[in-house]
Amino acid sequence: MKSRPKFNELPIKPSGIFWENDFVSEEHEQRLISLFTNELQWPDRPGRISLHYGYTFDYKTFDIDPEIPYKEFPEWLQPLIPTTEDRPPDQVCLQYYPPGAGIPPHVDAHAPYDQLYALSLGAPAIMQFRRGETRIDVDLNPRSMMQMTGDARLHWTHGIKKRKNDTLSDGTVRPREKRWSITYRWLRGGDCECGDLEFCDTAQRRNGSEKEKRSVKALAEKASVEKPIE
């Protein structure tokens, strides 16, 4: 694993988004995309699809899946692991987004996971952070690594709208193309103590008001009913 400089925090709301452009070179990115396309075995289904390394993410509980054995990180993944943490991640998810695909607004479960990083590869896409009526767009440019901490990680939802184009701040309409992301998660090793009853599963459990967990599929179906594809 290579050393990396400290990420810079974006001067926006929500606080806690740290960023590094060009985490990998264009040449490295193209090698990875070729490997993803030609050498990996993906699930045979439409829409956004995922592969898991380390522990497997459970889309029903939003925790790790205890029934699936730990899968060692492949050689290609080793140089892509952020070294800003004192240990490797416990769970890594490689996702492929075909043109127009998205992911519904969500907050990664507080109780199981602590740090959260995401590397973007291929085409750019707009990610939207939401808290109440406030919505902030962040352009996920290719080869950028994003770290989500604090408010961004715990108290704002994040998602990518399912649509064919993104409209940029200058009015430019940019078509969606093929995109890959690598999400890194670290197990918390204890309860979350943020106390946010809206988003924190630990706080909800202690309060006796734990919300029903919805699968990503259920969230996507709900989002598609609320707003059709553009």
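Predicted model: local features only at pLDDT ≥ 70, side-chain atom pairs only at ≥ 80, totals over all residues.

Visitor: Which residues have the most contacts inside the largest nonpolar core?
Guide: Phe36, Trp76, Ile182 and Tyr184, in a core of 28 residues. A nonpolar core here is a set of buried Ala, Val, Leu, Ile, Met, Phe, Trp, Tyr and Cys residues joined through side-chain atoms within 4.5 Å. Buried means under 20% relative accessible area, exposed over 50%, partly exposed in between (1.4 Å probe, protein chains only).

Visitor: Which elements give two or more residues to this core?
Guide: α1 (26-38), β3 (49-54), β4 (91-97), β6 (113-122) and β13 (179-187). Helices (H or I, at least four residues) and strands (E, at least two) are DSSP runs, numbered from the N terminus.

Visitor: And what does tryptophan 76 touch?
Guide: Leu32, Leu35, Phe36, Leu40, Tyr53, Leu94 and Ile182, leaving out residues up to four places away in sequence. Contact means heavy atoms within 4.5 Å. Apart from this core lies another, of 17 residues, including Ile103 and Leu116.

Visitor: OK, charges. How many salt bridges?
Guide: The count is 13, taking a side-chain nitrogen of Lys or Arg within 4 Å of a carboxyl oxygen of Asp or Glu. One joins aspartate 108 to arginine 185, with the closest N and O atoms 2.9 Å apart. Aspartate 108 sits in the loop between β5 (103-106) and β6, arginine 185 in strand β13, 77 residues apart.

Visitor: Is that pair buried or exposed?
Guide: Aspartate 108 and arginine 185 are both buried.

Visitor: What about aspartate 114?
Guide: Its partner is arginine 188, with the closest N and O atoms 4.0 Å apart. Aspartate 114 lies in strand β6 and arginine 188 in the loop between β13 and α3 (201-207), so the pair ties together parts 74 residues apart in sequence. Aspartate 114 is partly exposed at 32% relative accessibility. Arginine 188 is partly exposed too, at 22%.

Visitor: Why does aspartate 166 count as buried?
Guide: Because its relative accessibility is 1%. Aspartate 166 meets arginine 163 in a salt bridge (2.7 Å, N to O). Arginine 163 counts as buried at 11%.

Visitor: Which residues are linked in a network of salt bridges?
Guide: Asp191, Glu193, Arg205 and Arg206.

Technical notes
Residues numbered from 1 in each chain as written. Heavy atoms only, no water.
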